[in-house]
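Subject: Structure for your review: aromatic contacts

Dear colleague,

Please find below the structure that I am handing over to you. My notes on its aromatic contacts follow.

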Amino acid sequence: MGRKTGKDRKTPCNETFESLPVEIKTPATAVLLLNSPEEDILVNACIVIRTFAEKGDENKVSLLGLGALEPLCRLINHSNKLVRGNAFMALGIMATCGDVSSALKKLNVIPSIIEILSLGEDTVISEFATLCLASLSVNFISKVQIFENNGLPPLIVLLSSSDPDVRKNSLEIICNLAQDYKSCQAIHALGGIPPLLNLLKSEFPVIQRLALKTLQRVTTDEDTRSTFRNERGFEKLINILHNKEFSDLHGEALQVVANCLSDREAVQQIHEDGGLARLMDFVLIPNNPEIQSTAIKCLTRVAQSSESRKVLHEQEVEKVLAELLSVADVGVKASACQAVAAMSFYPPSKDGFRDLGCIPAVVQLLSSESLEVKKAATKALSILTQNNQPNSLAVHEAGGYEVLIQQLYGSLPGTAASSAATLCNMAGQEIIRSSILLHGGMQALVELLNTKDPQVLIRTTQCVAVLACEAEARIKLQRAGGLQLLVNLLRSSDKEVLHCASFAVNICASDKPSAVEMCKHGALEILQEISQSTNRRNSFSDVALISLLNSNLPAKFSLTGQLTSTDNIAGGFYDAGKVCSGRRILTLEELFKEPVNLHRPIIVVGMAAVKKKTQINIQRYDDEVHSAEQPQMNTHDGSLQMLVKKAKESIFPLRHEKEQYAALGRLVSEAMGGAVVVEKLHEFPWVLHLSELKFQLKSNVIPIGLIDKGVFCHRALLFKYLADCLEMSCALVRGEYNRAWNEVELFTKNPNNQSFSEPRCYIVDLMHQPGALLEVRTPAALQYQTI
């Protein structure tokens with residue numbers, strides 16, 4: 001047989017066959033047939049898969065294992081509408097299983113689904129496409145994908161679909177996306193509020209509940225709340241709240257109301273719509289604590305404005321809240337305490353709660369096992385006691401201060417802050433202040449100064465400042481290490497913490513030992529740094545710096561070079577020389593511990609030194625004796641005391657101030673080596689004399705009474721000390737190159753009318769013409785100050 005020519009052969013692709021029926025008996029077969037080119041087979045395979053998946057999650061997981069997801073995701077984009085619809089149905093049913101949904105999000109199917117929804121496909125495709133997205137939208141990453149692929153616009157359109165399943169699925173997706181603030185804003189911007197409100201009228205409770213839940217989330221945005229009001233949203237909510245058939249929706253409706261009541265306009269509108277009275281009804285419902293608690297929260301929101309508080313007061317809301325403080329449910333009690341706190345900003349309500357016996361009830365709640373109740377009760381007490389002494393006394397009488405002190409230890413930050421605030425309010429009264437100190441209040445507050453929470457630090461430092469007006473409190477504060485912690489807070493970057501810390505430092509600085517202790521921890525250096533900062537400087541820090549310097553005169557003189565006539569130096573004052581700003585000034589004890597050096601000596605005034613093994617006792621500001629380990633000293637400052645006695649005997653008999661100052665100047669000059677002419681000043685052996693004293697004492701610190709050859713700085717310091725002892729007004733000013741001088745103000749009498757003229761300021765010459773009074777800014781005075 002010869003070969004057939006091409007003309008005789010037929011091409012197989014040109015041959016046609018009738019379609020053959022395919023019987024699918026197993027899911028595995030159906031999955032395999034998802035790759036068939038035949039559209040009828042694809043439809044049948046999708047139907048089999050959907051039917052199998054509807055029987056339970058086990059079947060869905062089985063289909064996942066057989067590899068059904070990828071071909072189904074491909075088929076939702078098929079050109080045949082029937083194939084697309086059945087593929088979506090199968091995919092949507094499968095996606096309701098968590099394992100399938102987790103696998104599906106890895107296939108990047110979301111953009112395709114959103115694109116198909118945007119085309120406005122038929123109801124079946126919309127139903128199962130949204131069902132698929134609803135399952136995916138519970139995942140954070142999927143929610144981001146839906147949002148970034150512009151999924152919200154078609155979903156908001158579908159809220160008005162005629163099919164309830166489409167509305168329900170779309171609403172569920174939007175509700176999940178509304179957990180993100182950006183999505184909330186987008187829902188509002190895309191016009192989502194009107195259709196959401198329309199869904200409140202749905203005949204399906206699940207849709208109503210989802211709509212309320214979504215509204216609850218989106219109304220956290222202020223602009224959304226405005227649109228909600230304009231669309232008569234409150235009217236629709238009030239209709240639900242008034243309808244007993246919708247009792248299962250009342251909880252969600254009240255949550256939306258609570259959000260919207262953040263705005264004053266909303267409060268006014270709900271009041272006009274009769275919603276306020278309805279809220280009071282819900283507050284009184286005892287059989288549903290959740291709804292009751294939410295209703296109380298709504299009242300708390302209403303009570304944020306003074307006008308609304310007045311309205312609630314007129315409706316005697318205080319009596320209702322007083323009863324709720326003793327109910328069994330902890331959520332209701334916590335909400336009631338929050339409402340009490342809100343209403344207590346209205347003075348008549350604050351007094352009314354006391355008259356109703358609420359304060360002991362709130363104090364009792366401080367011991368609740370519920371942390372939420374404790375926090376709310378403590379907050380309520382902090383407002384009840386604010387600027388209200390009778391309420392503070394009521395808390396004290398109920399033993400509340402003891403519990404509040406205990407709550408300072410180990411409580412949540414909010415509870416600790418409110419506890420400190422309440423104690424601060426109460427501590428304004430002496431009897432309560434004593435009780436707080438007696439029960440360890442200061443020690444507990446010091447513990448809180450270590451925290452990082454700004455609100456806790458603010459309330460704690462405020463309370464410390466109030467308590468620190470008592471000498472006993474300052475001692476306890478210092479012993480507990482609180483002064484160093486206050487100084488540390490001066491470095492805080494939080495402005496309010498810095499303000500409060502500065503205020504507390506200012507209060508403590510009125511006490512000289514406390515001021516010295518704070519200076520030891522660097523308070524002066526920090527406050528100087530703050531004073532030079534445009535951002536951190538404040539009125540409290542300025543006052544604190546002044547107070548600290550006024551209570552630590554050695555530091556003040558070292559830093560400023562001046563002591564005013566009101567700065568009276570006493571035993572223990574020392575001149576450490578000029579110190580640059582920002583450098584810490586050592587205490588006298590620290591200076592005693594330094595080995596002898598070649599620097600200028602430290603001149604101490606009124607030091608009583610006693611030879612006692614290796615100790616030296618120093619008489620300080622507070623007349624307490626402190627000890628510092630030192631080499632033996634064989635000298636004492638008895639000569640200074642003799643000089644004080646001599647000054648009193650010679651100065652007091654003189655009648656005129658001018659004579660007194662002149663005589664005191666001569667006395668000082670005589671004690672320090674007498675007059676020295678200007679030309680021979682360089683020959684005066686004061687440097688050698690002081691060096692010999694340092695060698696003899698084996699110390700850099702020299703008592704001023706031992707100096708019998710002193711120059712300007714030594715004489716001016718002695719003059720200041722003696723003048724202060726004699727209660728004579730005198731200032732001390734440091735100049736350059738060991739110069740210092742005293743300034744005094746004298747009144748001169750007009751011989752014509754015997755009246756006194758304005759005071760004139762004079763410098764007392766202690767070196768060249770002892771006792772001479774040189775009027776400031778004259779050539780003679782300038783020469784004394786500079787040459």
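I begin with Phe573, which is buried in this predicted model, its relative accessible area being 0%. Phe557 also counts as buried, at 3% relative accessibility, because the cut-off is under 20%.

A search of the whole structure finds four aromatic pairs. In one of them, the ring centres of Phe503 and Phe540 are 5.7 Å apart and the planes stand at 75 degrees. The pair is therefore edge-to-face, as the angle is over 60 degrees. Phe503 belongs to helix H35 (residues 495–508) and Phe540 to helix H38 (residues 539–551); the pair thus links distant parts of the chain, 37 residues apart.

Phe557 is located in helix H39 (residues 553–560) and Phe573 in strand S2 (residues 573–575), so the contact ties together parts that are 16 residues apart in sequence.

Phe557 has a further contact: the charged end of Arg734 sits over its ring, 4.1 Å from the centre.

With kind regards

Methods. Residues numbered from 1 in each chain as written. Predicted model: local features only at pLDDT ≥ 70, side-chain atom pairs only at ≥ 80, totals over all residues. Heavy atoms only, no water. Phe/Tyr/Trp six-rings, centres within 6.5 Å; stacked < 30°, edge-to-face > 60°. Helix = DSSP H or I, 4+ residues; strand = E, 2+ residues; numbered from the N terminus. Buried < 20%, exposed > 50% of the residue type's maximum accessible area, 1.4 Å probe, protein only. Lys NZ or Arg CZ within 6 Å of the ring centre and 35° of its normal.
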